[in-house]
Amino acid sequence: MSLSSCLLPFSQSATAPSSSVCSCHLAASFSNFPVSSRDYSFSRSGSLVLNGGGSNLCRRFCGLKLWILKSLNRRQGNNRKHQPVNELTTHSKHTFLSDDERGFAEETRAEDLRPEENILGTDLNDGFHNVGDLPPVSKQLSDDLSDVRRRASLCIAVVGATGELARGKIFPALFALYYSGYLPEDVAIFGVSRKNLTDEDLRSIIASTLTCRVDHQENCGGKMDAFQSRTYYINGGYNNRDGMSRLAERMKQIEGESEANRIFYLSVPQEALVDVACTIGDNAQAPRGWTRIIVEKPFGFNSHSSHQLTKSLLSKFEEKQIYRIDHMLGRNLIENLTVLRFSNLVFEPLWNRTYIRNIQVIISESIAQTEKFSDGYGIIRDIVHSHILQTIALLAMEPPISLDGEDIRNEKVKVLRSIRKIDPRDVILGQYKSSSRDKNGVILNGVDPTYCAAALYIDNARWDGVPFLVRVGTGLIKHRVEIHVQFRHVPGNLYRENIGINIDLGTNELILRDEPDEAILVKINNKVPGLGLQLDASELNLLYKDRYKTEVPDSYEHLIHDVIDGDNHLFMRSDEVAAAWNILSPVLEEIDKHHTAPELYEFGGRGPVAAYYLWAKHGVPWADD
């Protein structure tokens, strides 16, 4: 290479054509990476003179590129304290290097990299540019390197970003994961809606909802700023195909040429779900990496509509890509069910019809906690179909062969297929008395029930004859989420006379409580101290707030982490959805056919009186309110 060939006008130095002497691809774009100050000087004519032979220059460019990329990767690795899945590690030497570049990496001597040298005001020990210190000639070089630094290995899009769910739950959960190190540092968050907003508008909207952990507040402001700087807005418009195409193009720009994964959280109305999901399937799936979509409940209106929804989703995605989310399944209580069952010898041998008399699943929302269920869906489709039946499946399933999500879901679907179709006579529907709008702002919708009590039976060898009683209601006297496992009487109990008239008072019981205070309680019979022989039903109490001095993650945080991790055991598979609708279909058809009117009960009361008779019909003691 002659000296004249390296003599370029100063304004053209960043766009000079490559010389055939350089066999690496970097020579084709001098603007991509900075050069050492020793490799250039200025002539009197104002031209930039590149010093050294072509081979030496090219080797320095390649070596510098390799060093910068390795520095960035080291920086990412140090910041990413917790990386739940290996699939997120996409920035490696194999990702960035072409065959020619790998060849030059082997040829480049260590002394040519000179990591201690401050090149164009860049602190290479940090892997970050201090742009303010750069001379004018390097501004374009700095911008290009900044684009490399902004590349994302994981993109998460929240479709319906300006809705209440996204603002109040999804974005705060994403930030909590980012703050705690469960999202990669290079993550990119996208908000999509039909409003005409900018990136800064979205950041302002979500800023007030972001909070740091109460148990560790280090660098909260810095993390919050970093998270918001990686949050972008896409105006999806009213044509989903165009909107998803714009989203995919923006993702592609930020991902660069690296392998990257994508998650789409569909926080959209049910009537828009199929169209949005299908356009994502056609236009926005990750070209290099996995794609996963999160679908909010309810999953259809009945068996037929659910089948059509599933068919549409499976036409664009594989089953392993679909995550049907129910935030109530992200509670710590649900995750703990399998732990209690399969890691404690004291419980597993007793977990069958021989020792367990009944199981009750109770979700009771008080006046202060009253929420409106999905419009037109009611409490059965919104709560019983997913949360209640999934809870029963986890309680009643056989031990899976492993903790793999598919193995657990295989056992859950066996339980759901074994549950007897509900007899409409074993279902009590209620609706609390209220004006058109009560003091909590809840609007009653026709005859949609706000209370449901039901008795279910599992027709298999383990649970034959054991009633599973369900109570779900809102506007009640007490707020609680509990599971009661009531055991049978002790055969020939020697202390029967000392227990009292009601033998049920002496029945052992396991209580798993999620709210108001998470706890595990075991009721046992114990002698009252003194000279007499009087028995008392006492509780062995594990209260989480006393035992564990840590903040319990929000359920959305838990479930989104599972999606990133690829753990699907708390998400309903297509066959689970179908089996659940099969259980409820007789009741729903009866309600629709006869326009069954719910029994009215007092707002702030204990629920319909008929529920007490249902418990007595199946020989079950009513769990204390």
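In which hand, left-handed or right-handed, does helix α13 pass helix α18? In this predicted model, the crossing of α13 past α18 is right-handed. Helix α13 spans residues 378-396 and helix α18 spans residues 574-594; their axes come within 10 Å and cross at roughly 140°. Angles over 145 degrees would count as roughly antiparallel, and α13 and α18 are therefore classed as oblique to each other.

On the α13 side, the contact is formed by Ile380, Arg381, Val384, His385, Leu389 and Gln390. Helix α18 contributes Glu576, Val577, Ala580, Trp581, Ile583, Leu584, Val587, Leu588, Ile591 and Asp592. Sorted by class, the contact of α13 with α18 comprises 11 nonpolar, 2 polar and 3 charged residues. In an α-helix there are 3.6 residues a turn, so residues three or four places apart point the same way.

A further helix, α17, covers residues 555-565. Of its 11 residues, 10 are buried, so α17 is largely enclosed by the rest of the structure. The buried residues of α17 are Ser555, Tyr556, Glu557, His558, Leu559, Ile560, His561, Asp562, Val563 and Ile564. These buried residues pack against the strands β6 (154-159), β9 (261-266), β10 (291-296) and β11 (322-325), and against the helices α6 (164-179) and α12 (332-342).

Both ends of α17 show local features. Tyrosine 556 is itself one of the buried residues of α17. Just after the helix, glycine 566 adopts a positive phi of about 80°.

Note on methods: Residues are numbered from 1 along each chain as its sequence is written. This is a predicted model: local features need pLDDT of at least 70, side-chain atom pairs count only at pLDDT 80 or more; totals for chains, interfaces and linings use all residues. Side-chain values use heavy atoms; hydrogens and water are left out. Buried means under 20% relative accessible area, exposed over 50%, partly exposed in between (1.4 Å probe, protein chains only). Helices (H or I, at least four residues) and strands (E, at least two) are DSSP runs, numbered from the N terminus. Contact means heavy atoms within 4.5 Å. Axes are lines fitted to C-alpha atoms, for helices over the stretch in contact, and angles run from 0 to 180 degrees between N-to-C directions. Angles under 35 degrees count as roughly parallel, over 145 as roughly antiparallel, 65 to 115 as roughly perpendicular and the rest as oblique. A crossing is left-handed if the near helix is turned anticlockwise from the far one by less than a right angle, and right-handed if clockwise. Ala, Val, Leu, Ile, Met, Phe, Trp, Tyr, Cys and Pro count as nonpolar, Asp, Glu, Lys and Arg as charged, and the others, Gly among them, as polar.
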